[in-house]
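The following exercises are to be worked through with the sequence and the coordinates at hand. Each task is followed by a solution in steps.

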Amino acid sequence: MMIRVGLIGYGYWGKNYARIFSELQDAKLTAICDSDTKRLEEIRNRFPQIQLFPDAVSLIDSPE
């Protein structure tokens, strides 16, 4: 069973969580939100396949 993960925040610990979730076999990192536009650009470069959101509400309300 594949677990889909949405990460809220890409600060110091968020970067570590994103890396770990992206490496797990039974989990798929599908979305990350962060209010910092520079961090969103960094995320897009590192994880181009995932959805990005500017806030947690948008991520939680996403149907995917």
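A contact here means heavy atoms within 4.5 Å. The model is a predicted one.

**Exercise 1. State what share of the contacts between residues at least 6 apart in sequence joins residues at least 24 apart.**

Solution. Take the contacts in the chain between residues at least 6 apart in sequence. Of these, 44% join residues at least 24 apart.

**Exercise 2. Describe the order of helices and strands in the chain, and determine how its radius of gyration compares with the globule rule.**

Solution. Step one is to count the elements: the chain has 3 helices and 3 strands. Step two is to read them along the sequence, which gives the pattern β-α-β-α-β-α. Step three is the comparison: the radius of gyration is 11 Å, close to the 11 Å that the globule rule gives for 64 residues, so the chain is as compact as a globular protein of that length. The C-alpha trace spans about 30 × 25 × 20 Å along its principal axes.

**Exercise 3. Identify the residues of the largest nonpolar core and the elements that give two or more residues to this core.**

Solution. The core has 11 residues: Val 5, Leu 7, Tyr 10, Ala 18, Ala 27, Leu 29, Ile 32, Leu 40, Ile 43, Phe 47 and Ile 50. Two or more residues each come from strand S1 (3–8), strand S2 (27–33) and helix H2. The largest share, 3 residues, is that of S2. In soluble globular proteins, nonpolar side chains tend to be buried together. For the chain as a whole, buried residues make up 30% of the 64 residues.

Leaving aside residues up to four places away in sequence, Leu 40 touches Asp 34, Leu 52, Phe 53 and Pro 54.

Key. Residues are numbered from 1 along each chain as its sequence is written. This is a predicted model: local features need pLDDT of at least 70, side-chain atom pairs count only at pLDDT 80 or more; totals for chains, interfaces and linings use all residues. Side-chain values use heavy atoms; hydrogens and water are left out. Helices (H or I, at least four residues) and strands (E, at least two) are DSSP runs, numbered from the N terminus. The radius of gyration is taken over C-alpha atoms; the globule rule is 2.2 Å times the number of residues to the power 0.38. Buried means under 20% relative accessible area, exposed over 50%, partly exposed in between (1.4 Å probe, protein chains only). A nonpolar core is a set of buried Ala, Val, Leu, Ile, Met, Phe, Trp, Tyr and Cys residues joined through side-chain atoms within 4.5 Å.
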